[in-house]
Amino acid sequence: MSSVAVFEELRAFVRERDWAQFHTTENLAKSISIEAAELLECFQWNADGDPADIRDELADVLTYCLLLADKLGVDADEIILSKLAKTREKYPVERAKGRSTKYDAL
């Protein structure tokens with residue numbers, strides 16, 4: 001399924017339930033954080049986590065991220081690629097490959 005189709009499914013889901021009224025940018029940002037915490041909880045007592053639970057929680061995080069992007073009128077692919085370009089500059093391969101050091105300490 002393409003990202004366009006995913007957006008259409010999300011919009012239809014929200015529209016059918018009349019939930020757009022609750023999807024302020026603030027509420028969507030909060031929901032991202034809450035769902036990210038639930039994703040992290042999958043690993044609380046087990047470093048491997050349950051794959052089914054991980055998938056479900058990751059889907060929730062991604063769903064709220066996409067809904068926020070849609071609400072803001074930004075293209076998710078575009079902002080990811082733009083940020084990736086900036087990060088490539090901060091972490092050049094020749095200095096960052098195989099290292100987890102923060103960019104300002106490379």
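These legends describe close-up views of one predicted protein model.

**View 1. Confidence across the predicted model.**
This structure is a prediction. Its mean pLDDT is 95. Of its residues, 100% reach 70 or more. Helix α2, residues 25-41, has the highest confidence, at 98. Helix α5, residues 93-96, has the lowest, at a mean of 92.

**View 2. Glu8, Arg11 and Asp70 form a network of salt bridges.**
The structure holds four salt bridges. Side chains of opposite charge can pair when their charged atoms come close. In this view, the side chain of Arg11 meets that of Glu8 at 2.6 Å, N to O. Both residues lie in helix α1, which covers residues 3-17. They sit three residues apart, about one turn of the helix. The side chain of Arg11 also meets that of Asp70, again in a salt bridge, at 2.6 Å, N to O. This pair links distant parts of the chain. Asp70 belongs to helix α3, residues 51-72, and Arg11 to helix α1.

Glu8 is partly exposed because its relative accessibility is 41%. Asp70 has a relative accessible area of 29%, so it is partly exposed as well.

**View 3. Glu16 and Arg17 meet in a salt bridge.**
Their side chains come to 3.1 Å, N to O. Is Glu16 buried or exposed? Its relative accessibility is 61%, so Glu16 counts as exposed. Arg17 has a relative accessible area of 36%, so Arg17 is partly exposed.

**View 4. Asp18 has a positive phi.**
Look at the loop between α1 and α2, where Asp18 lies.

**View 5. Val14 is a buried residue of helix α1.**
Find Val14 in helix α1. Why does Val14 count as buried? Its relative accessibility is 9%, and buried means under 20%. Now compare places along the chain. Val14 and Glu26 are 12 residues apart in sequence. Their C-alpha atoms are separated by 17 Å.

**View 6. Four lysines form a positive surface patch.**
The patch consists of Lys83, Lys86, Lys90 and Lys102. Take Lys90 as one of them. It lies in helix α4, which covers residues 76-90. With 33% relative accessibility, Lys90 counts as partly exposed.

**View 7. Leu72, Val74, Ile79 and Ile80 make a nonpolar surface patch.**
The patch has an area of about 350 Å². One of its residues, Ile79, lies in helix α4. Ile79 has a relative accessible area of 43%, so it is partly exposed.

**View 8. Asp77 and Ser3 are 74 residues apart along the chain.**
Asp77 is found in helix α4. How far apart are the C-alpha atoms of Asp77 and Ser3? They are separated by 8.8 Å. Asp77 is partly exposed, because its relative accessible area is 45%.

**View 9. Thr101 lies in the segment after α5.**
Thr101 has 25% relative accessibility, so it counts as partly exposed.

Definitions and conventions. Residues are numbered from 1 along each chain as its sequence is written. This is a predicted model: local features need pLDDT of at least 70, side-chain atom pairs count only at pLDDT 80 or more; totals for chains, interfaces and linings use all residues. Side-chain values use heavy atoms; hydrogens and water are left out. Patches are made of residues with over 30% relative accessible area and no salt bridge: like charges are joined within 9 Å, nonpolar side chains (Val, Leu, Ile, Met, Phe, Trp, Tyr) within 5 Å. Accessible areas come from the Shrake-Rupley method with a 1.4 Å probe; for residues, only the protein chains shown count as cover. Lys and Arg count as positive and Asp and Glu as negative; His and the chain ends are not counted. The place of a charge is taken as NZ of Lys, CZ of Arg, CG of Asp or CD of Glu. Helices (H or I, at least four residues) and strands (E, at least two) are DSSP runs, numbered from the N terminus. Buried means under 20% relative accessible area, exposed over 50%, partly exposed in between (1.4 Å probe, protein chains only). pLDDT is the predictor's confidence in each residue, from 0 to 100.
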